[in-house]
Amino acid sequence: MNKRFIYVFVFCVFFMVANVAISKEAQTTVAATQESAIASNENANVKKCQCKKIFEQRLGLSKEQIKLADANRKKQKEELRPFNAEIRAKYAKIREIDESDITEKSKVEQINITRNEIKAVRLQVNKIKEDHNKTFESYLTAAQKTELQKMREDKKKGIVCCPCGKNSYY
């Protein structure tokens with residue numbers, strides 16, 4: 001009787017563990033399926049803003065200027081990619097430090113060091129952006145440069161020319 005009870009008990013525990021493992025696997029599969037469905041639905045409903053088109057029309061850019069500007073913007077994006085990845089990694093490091101079990105004083109010191117590193121990277125990013133802005137401005141006529149300056153001043157005042165309100169092109 002005693003051996004029989006032990007066998008039944010071990011048998012039940014074995015199946016319960018197997019059941020739990022299968023249910024966890026099923027849950028992760030369902031979650032992954034739901035996430036991919038949500039992502040595909042989000043992409044389907046996203047409407048692209050007309051910032052670029054409005055920017056080009058307001059400045060009166062020619063087709064050649066648009067091609068040059070697009071190439072410049074693409075080059076800028078490629079140059080900034082590693083810097084943006086580095087910034088994201090440093091923010092992840094800050095989250096890790098914040099969640100760690102070290103003393104509060106040590107956390108603050110390490111977070112401040114990491115924030116200073118982020119500032120240094122952002123200075124490099126701003127330099128690259130300035131260089132590409134100068135390159136873009138070299139494609140413009142004097143009248144277009146004047147209009148671009150007006151657009152930038154309006155942006156500082158909070159006046160937007162694009163429906164999304166981002167004014168990301170100047």
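**View A. E147 is buried in this predicted model, with a relative accessible area of 19%.** Buried means under 20% relative accessible area, exposed means over 50%, and partly exposed lies in between (1.4 Å probe, protein chains only). E147 forms a salt bridge with R58; their closest N and O atoms are 2.7 Å apart. In a salt bridge, a side-chain nitrogen of Lys or Arg lies within 4 Å of a carboxyl oxygen of Asp or Glu. The pair links distant parts of the chain: E147 sits in helix 5 and R58 in helix 2, 89 residues apart. R58 counts as partly exposed, at 32% relative accessibility. Helices (H or I, at least four residues) and strands (E, at least two) are DSSP runs, numbered from the N terminus.

Two notes apply to every view. The model is predicted: local features need pLDDT of at least 70 and side-chain atom pairs count only at pLDDT 80 or more, while totals for chains, interfaces and linings use all residues. Residues are numbered from 1 along each chain as its sequence is written, and side-chain values use heavy atoms, with hydrogens and water left out.

**View B. The protein chain has five helices and zero strands.** Along the sequence, the pattern reads α-α-α-α-α. Buried residues make up 21% of the 170 residues in the protein chain. Take contacts (heavy atoms within 4.5 Å) between residues at least 6 apart in sequence: 67% of these join residues at least 24 apart.

**View C. Helix 5 covers residues 142-157.** Helix 5 has 16 residues and reaches 23 Å from its first C-alpha to its last, close to the 22 Å expected. The expected span is 1.5 Å times one less than the number of residues. Which residues of helix 5 are buried? They are Q144, E147, L148, M151, R152 and D154. These residues cover an arc of only 160° around the axis, so they lie on the same side of helix 5. The arc is that of the directions from the helix axis to the C-beta atoms. An α-helix has 3.6 residues a turn, so residues three or four places apart point the same way. The face turned away from the buried side carries the exposed residues A142, K156 and K157. The buried residues of helix 5 pack against helix 2 (51-59), helix 3 (63-99) and helix 4 (104-138). Just after helix 5, G158 takes a positive phi of about 95°.

**View D. Helix 4 has 35 residues.** Helix 4 reaches 51 Å from its first C-alpha to its last, close to the 51 Å expected. Its buried residues include K107, T114 and H132. The buried residues of helix 4 pack against helix 2, helix 3 and helix 5.

**View E. The largest nonpolar core has ten residues.** A nonpolar core is a set of buried Ala, Val, Leu, Ile, Met, Phe, Trp, Tyr and Cys residues joined through side-chain atoms within 4.5 Å. The ten are L80, F83, I87, I94, I97, I111, I118, V121, V125 and I128. Helix 3 and helix 4 each supply at least two residues of this core. L80 touches V125, I128 and K129, not counting residues up to four places away in sequence. A second, separate core of nine residues includes F55, L59, F136 and L148. In soluble globular proteins, nonpolar side chains tend to be buried together.

**View F. The structure holds one aromatic pair.** F55 and F136 form this pair, which is tilted: 5.8 Å centre to centre, with 35° between the planes. Rings of Phe, Tyr and Trp (its six-membered ring) pair if their centres lie within 6.5 Å; planes under 30 degrees apart count as stacked, over 60 as edge-to-face and the rest as tilted. The pair links distant parts of the chain, with F55 in helix 2 and F136 in helix 4, 81 residues apart. Both F55 and F136 are buried.

**View G. The structure holds eight salt bridges.** Side chains of opposite charge can pair when their charged atoms come close. K52 lies in helix 2 and D70 in helix 3, so the pair ties together parts that are 18 residues apart in sequence. K52 is partly exposed, at 27% relative accessible area. D70 is partly exposed too, at 31%. Salt bridges link K52, E56 and D70 in a network.

**View H. E117 and K90 meet in a salt bridge (3.1 Å, N to O).** E117 lies in helix 4 and K90 in helix 3, so the pair ties together parts that are 27 residues apart in sequence. Is K90 buried or exposed? K90 is buried, with a relative accessible area of 16%. E117 is partly exposed, at 27%.
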